[in-house]
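Colleague: I am new to this one. Could you take me through how to read it, feature by feature?

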Amino acid sequence: MISRRQFAKMAGGTVLAASGALALPALAQGKPKVVVLGGGPAGATAARYLAKDAAGAIEVTLVEPAKQFITCFHSNLYLGGFKSFEQITHTYDKLSAQGVKVVHQAATAIDREKKQVRLADGAVLAYDRLVVGPGIDLKYDSVPGWGQEHEEVMPHAWKAGPQTKLLRAKLDAVADGGLIVMVAPPNPYRCPPGPYERVSMMAHALKKAGKTKSKIIVLDPKATFSKQGLFQEGWEKHYPGMVEWLAPTVHDGVKSVDPKAGTIVTGFETYKNVALANIIPAQMAGKIARDAGLADGSGYCPIDAASMKSKMDPNIYVIGDASIAGDMPKSAFAANSQAKVAAMMIRGELVQARTFPARYANTCWSLIAPDDTVKVGGRYEDKDGKIGTIEGFVSKTGETAALRKQTQEENMGWYDGIVADIFG
Amino acid sequence: MRLSWYAWRLSVATLALSAALAPSAHAADVALGEYLAGECVTCHQRSGNSNGIPSIIGWPADQFEVVINAYRWKERDNVVMQTIAARLTDEDIQALAAYFEALGKLTHPPTPAGKS
């Protein structure tokens with residue numbers, strides 16, 4: 001693949017002369033350094049594209065404590081028995097092979113003044129530009145009576161990994177006739193259709209195991225949710241009588257949760273002997289971003305819509321779930337899309353690479369039942385300083401089985417494609 | 001930055017890379033194609049591997065243009081592709097076509113289906 005540096009060599013002085021009018025940024029000795037915090041769809045994509053497209057002209061370091069990445073996307077498919085845990089587990093060796101220096105440490109602090117990141121083992125990484133993609137943190141105090149100390153008893157599984165396995169084990173242990181209660185999250189949160197795909201997958205697993213007397217109650221703080229008509233159509237069709245979604249006007253709010261007793265009290269009803277409680281609390285940007293002053297009052301990080309650059313610091317880019325990305329949902333697809341824009345803009349700043357106007361995209365597929373998948377998505381651009389929808393699409397109710405099956409095939413194909421794009 | 005961008009375009013158009021590709025009537029902007037392809041490769045894998053989503057690596061440029069235009073004018077059915085194609089200009093499509101055709105020549109042949 002011919003790199004831009006080779007372009008420049010082939011063109012002789014022309015290209016350099018054209019860009020010579022720009023003042024070169026003051027850089028540390030040697031190659032410009034980019035540090036990326038977070039090895040998920042946002043950070044890993046950014047690191048990969050920086051290394052790949054700068055062809056060695058930029059020193060890229062990815063900081064990610066975990067040695068393996070378990071994708072939150074398609075973790076619902078593992079829950080429903082459609083994928084193995086191995087199929088949603090990925091390693092960083094291909095990224096390393098592509099020239100990214102992967103450091104398996106937690107980043108503990110960002111010194112924005114010195115342009116340094118401190119790691120848990122005491123090491124310090126200097127950066128010319130920093131990409132922050134830490135994902136979300138859970139607001140453990142947002143559901144009365146439930147907290148971090150209860151997440152083994154009442155899992156959230158909103159960060160993939162051990163929680164995912166735990167939720168699956170608890171689901172498998174639900175007896176026929178058992179009650180499952182999900183407390184859905186308020187906006188804005190990671191993966192808008194996620195909770196409802198999860199409901200579908202739980203219902204499917206129960207149905208497959210012959211446990212159709214079981215019930216799933218969804219207590220939602222939201223009056224509406226992503227692809228609502230499609231999910232409700234699907235639940236009626238595939239899991240009649242098994243799923244009850246309650247709007248806030250009906251349940252009147254979750255008043256208290258008793259993890260020990262397995263009780264959930266709402267303004268409307270008290271649920272006792274809950275066999276499985278899935279509490280998905282309110283969310284915010286990952287701690288490293290908030291501690292560095294990159295977030296605003298919402299708990300998420302404001303960015304420049306044309307570049308993903310942090311509005312709080314000109315040397316830092318915030319991408320993925322931690323960012324405030326206008327009309328874009330918090331999804332892996334969106335994170336990957338944003339990462340590519342950030343990587344391009346950073347190359348433009350550091351090595352005078354060619355840049356193009358930012359274009360963003362997202363598609364979210366949700367599996368409702370075998371061969372019955374729906375999707376929602378769009379294309380986005382900088383619209384008056386916010387990332388706004390240019391064009392969107394969503395599946396329709398009453399679509400043919402053939403179309404829904406094709407949509408599921410796309411879903412599976414997309415997963416293989418995006419993990420190859422993120423991890424190499 | 002804008003001024004420099006146009007200067008880039010001029011130089012890119014005359015570069016040897018265009019000659020390295022199959023000769024075409026107009027030198028398409030492969031670098032633009034590569035940038036736009038960022039959106040495509042999450043589904044249409046650069047490696048050529050396919051699973052539920054067809055590979056478009058190495059498609060002849062004129063064929064590529066016909067198919068994308070068919071989505072653009074909604075003559076071909078797929079709401080994701082129609083939405084993508086609706087946003088593309090003629091120049092974008094030519095650039096993408098050139099890029100994916102070039103990829104077929106420059107990269108290794110697709111690896112066997114399975115875990116990538």
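Modeller: Start with burial: a residue is buried if 20 or more other C-beta atoms lie within 10 Å of its own. By that count, buried residues make up 52% of the 424 residues in chain A. Keep in mind that this is a predicted model.

Colleague: How many helices and strands does chain A have?

Modeller: Chain A has twelve helices and 24 strands.

Colleague: What do the overall dimensions say about chain A?

Modeller: The radius of gyration is compared with the value for a compact globule, which for 424 residues would be near 22 Å; chain A has 23 Å, so the two agree. The C-alpha trace of chain A spans about 75 × 50 × 40 Å along its principal axes. As for contacts in chain A with a separation of 6 or more, 68% of them are between residues 24 or more positions apart.

Colleague: How should I read a pair of packed helices?

Modeller: Two packed helices are described by the angle between their axes and the distance between the axes. Take helix α11 (residues 332–351) and helix α12 (residues 401–423) of chain A: they pack at an angle of about 40°, with their axes 11 Å apart. That angle makes α11(A) oblique to α12(A). Their crossing is left-handed.

Colleague: Which residues make the contact between α11(A) and α12(A)?

Modeller: On the α11(A) side they are A:Ala332, A:Phe333 and A:Asn336, and on the α12(A) side A:Ile418, A:Asp421 and A:Ile422.

Colleague: Now a single residue. Is A:Trp146 buried or exposed?

Modeller: A:Trp146 counts as buried, because it has 24 C-beta neighbours inside 10 Å. A:Trp146 sits in the loop between β10 (136–138) and α6 (162–172) of chain A. Setting aside neighbours within four places in sequence, A:Trp146 is in contact with A:Met154, A:Val257, A:Pro259 and A:Ile279. A:Ala160 is 14 residues from A:Trp146 in sequence, and their C-alpha atoms are 19 Å apart in space.

Colleague: And where is A:Leu79 found?

Modeller: A:Leu79 belongs to helix α4 (residues 75–79) of chain A. A:Leu79 is buried, because 24 other C-beta atoms lie within 10 Å.

Colleague: What does A:Leu79 touch, not counting residues up to four places away in sequence?

Modeller: Among them are A:Leu167, A:Arg168 and A:Leu171, and also A:Arg198, A:Met201, A:Met202 and A:Ala205.

Terms used: Residues are numbered from 1 along each chain as its sequence is written. Chains are lettered from A and ligands numbered from 1 in the order in which they are written. This is a predicted model: local features need pLDDT of at least 70, side-chain atom pairs count only at pLDDT 80 or more; totals for chains, interfaces and linings use all residues. Axes are lines fitted to C-alpha atoms, for helices over the stretch in contact, and angles run from 0 to 180 degrees between N-to-C directions. Helices (H or I, at least four residues) and strands (E, at least two) are DSSP runs, numbered from the N terminus. Angles under 35 degrees count as roughly parallel, over 145 as roughly antiparallel, 65 to 115 as roughly perpendicular and the rest as oblique. A crossing is left-handed if the near helix is turned anticlockwise from the far one by less than a right angle, and right-handed if clockwise. Two residues are in contact if their C-beta atoms, placed from the backbone, lie within 7 Å. The radius of gyration is taken over C-alpha atoms; the globule rule is 2.2 Å times the number of residues to the power 0.38. A residue is buried if 20 or more other C-beta atoms lie within 10 Å of its own, exposed if 12 or fewer, and partly exposed in between; C-beta atoms are placed from the backbone.
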